Amino acid sequence: MTERTFSIIKPDATRRNLTGAVNALIEGAGLRIVGQRRIRLTEDQAKKFYEVHAARPFYNELVSQMIAEPVVVQVLEGDNAVARYREVMGATNPQEAAEGTIRKAFALSIGENSVHGSDSIENAGIEIAQFFTADQIPG
Ligand code: ADP
Ligand code: MG
């Protein structure tokens, strides 16, 4: 089934000029980048985006990392895009990420792990709507 998911290329990756390298893995996996923008997250946006982790010990560090450099927000489309992108991303902890995944190739640590991807279809819809209007997703 054709789906859409939400992706962020995180500051550790944009800082190291890896946007194109990450996108090559995304496209190589058969996902289409149907919407994309480079932005700087505000502190409020980053806090709200990771609200679900607000009680975790790494929350403040995560928010700081997310606003330190620009990010690239993306809408990805393809068959089972949510699950497919989670596979392409690899495990949260790069030491556990499979060969060929974005995090295995590029992540610096469990915190600075290069990409975000939605974890459910429901959250994909919520996250896309936080950053994109319909006209910003040309397809
Ligand atoms: P994922 O991004 O794989 O969905 P989570 O939703 O569990 O992972 O966590 C969100 C983000 O919080 C991670 O991508 C990572 O940047 C950060 N994070 C998660 N766990 C840790 C941890 N133990 N220490 C530091 N940062 C973490
Ligand atoms: Mg998550």
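Guide: We'll take the core, then a helix, then the aromatic rings.

Visitor: Fine. What kind of model is this?

Guide: This is a predicted model: local features need pLDDT of at least 70, side-chain atom pairs count only at pLDDT 80 or more, and totals for chains, interfaces and linings use all residues. Residues are numbered from 1 along each chain as its sequence is written, chains are lettered from A and ligands numbered from 1 in the order in which they are written, and side-chain values use heavy atoms, leaving out hydrogens and water.

Visitor: How many residues does the largest nonpolar core have?

Guide: It has 19 residues. Phe6, Met66, Val73, Phe131 and Phe132 have the most contacts inside it. A nonpolar core is a set of buried Ala, Val, Leu, Ile, Met, Phe, Trp, Tyr and Cys residues joined through side-chain atoms within 4.5 Å. Buried means under 20% relative accessible area, exposed over 50%, partly exposed in between (1.4 Å probe, protein chains only).

Visitor: Which element gives the most to this core?

Guide: Helix 4, with 4 residues. Helices (H or I, at least four residues) and strands (E, at least two) are DSSP runs, numbered from the N terminus.

Visitor: And helix 5, what is buried there?

Guide: Ala81, Val82, Tyr85, Val88 and Met89. They cover an arc of only 125 degrees around the axis, so they sit on the same side of helix 5. The arc is that of the directions from the helix axis to the C-beta atoms.

Visitor: What comes after helix 5?

Guide: Gly90, with a positive phi near 90 degrees.

Visitor: New topic. How many aromatic pairs are there?

Guide: The structure holds 5. Rings of Phe, Tyr and Trp (its six-membered ring) pair if their centres lie within 6.5 Å; planes under 30 degrees apart count as stacked, over 60 as edge-to-face and the rest as tilted. The ring centres of Phe6 and Phe131 are 5.3 Å apart and the planes are at 5 degrees, so this pair is stacked. Phe6 is in strand 1 and Phe131 in helix 7, 125 residues apart.

Visitor: Is Phe6 buried or exposed?

Guide: Phe6 is buried, at 0% relative accessibility. Phe131 is buried too, at 6%.

Visitor: Which residues form the aromatic cluster?

Guide: Phe6, Phe49, Tyr50, Phe131 and Phe132. Within it, Phe49 and Tyr50 make an edge-to-face pair, 5.0 Å centre to centre with 80 degrees between the planes.
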